[in-house]
Amino acid sequence: LATATGDAAARARLGARRLKAFAYEVYAGPKEVDALNPAGHNLVSSVDFGWFGLIAMPMLAVLKFAQGLTGSWPIAIVLLTILVKILLWPATGKSMKSMRNMQKIKPELDRVRKDLEEKAKKQGLDKPDPQELNRVTFELYKKHGVNPLGGCLPLLLQMPIYIALYRTINSSVELFNQPLFGWVTDLTQKDPFYVLPVVLGGVMFLQQKLTPQTAGDPMQQKMMLYFMPILFTAMMLQL
């Protein structure tokens, strides 16, 4: 009797409950902006362009437009890169001009550094007074109208654009299974023979050789000439 009463009570509780139905919309597909936008729900935000998405989104539009004109993703990437270089040319040219001006006064800076080192040796010191060296250096900058930050500041201002360019290419699912040439059959995979990273390192080395050297420290010059190409080559091996 107790069991029958309990079963009836359980059935009564179940009968009193309401059934709830839930409806879901699921998008199952690649992260293509043209497909995500019509789906709504701000799904396009799932494409990770990093901090500089406001710059990367127009770049992606230009990249796809160039691909539509040429029918080739590699050529589209080259065209986008050239366009970015053209737009940034004023800042790049100003930076190069400043570095050349720094190169012109470099012999005078070296002479001043040598004089101060000799003066320090006569006084029994291992190296010249840093404050005096900085004072004389900035007096030379002022005399010749050279801004020591003129070479670096324009390059730093360009960094967000170049980062956005990298994120645009890195986040574009359209490049999947798209060939480059020869042994590179997929733009989203690393070079299986590491030829392109090594070529990149060689080109960077040549660029450093041709770029005016403004640093007075020979060790710093060697680091820029040898260490940076090696570092970037190592970074690009798996990209």
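Helices here are DSSP runs of H or I with at least four residues, strands are runs of E with at least two, and both are numbered from the N terminus. Before going on, please keep in mind that this is a predicted model, where local features need pLDDT of at least 70, side-chain atom pairs count only at pLDDT 80 or more, and totals for chains, interfaces and linings use all residues. Residues are numbered from 1 along each chain as its sequence is written, and side-chain values use heavy atoms, with hydrogens and water left out.

Phi of Tyr 194 is near 60°, a positive value in a residue other than glycine. Most residues other than glycine have a negative phi. Is Tyr 194 buried, exposed or partly exposed? Its relative accessibility is 30%, so Tyr 194 counts as partly exposed; buried means under 20% relative accessible area and exposed over 50%, with a 1.4 Å probe and protein chains only.

Asn 177 also has a positive phi, near 65°. You will find Asn 177 in the loop between helix H7 (153-170) and helix H8 (195-210).

Now the whole chain. It has 9 helices and 0 strands. The radius of gyration is 31 Å, while a compact globule of 239 residues would have one near 18 Å; this is taken over C-alpha atoms, and the globule rule is 2.2 Å times the number of residues to the power 0.38. The C-alpha trace spans about 115 × 55 × 35 Å along its principal axes. Of the 239 residues, 26% count as buried.

Last, a helix pair. The axes of H5 (residues 89-122) and H6 (residues 130-144) come within 10 Å and cross at roughly 150°. Those axes are lines fitted to C-alpha atoms over the stretch in contact, with angles from 0 to 180 degrees between N-to-C directions. H5 and H6 are therefore roughly antiparallel to each other, the word used for angles over 145 degrees.

Who meets whom? On the H5 side, the residues include Met 102, Ile 105 and Leu 109, and on the H6 side they include Leu 133, Val 136 and Leu 140; contact means heavy atoms within 4.5 Å. The residues of this contact divide into 9 nonpolar, 2 polar and 5 charged. Here Ala, Val, Leu, Ile, Met, Phe, Trp, Tyr, Cys and Pro count as nonpolar, Asp, Glu, Lys and Arg as charged, and the others, Gly among them, as polar.

Notes: Angles under 35 degrees count as roughly parallel, over 145 as roughly antiparallel, 65 to 115 as roughly perpendicular and the rest as oblique.
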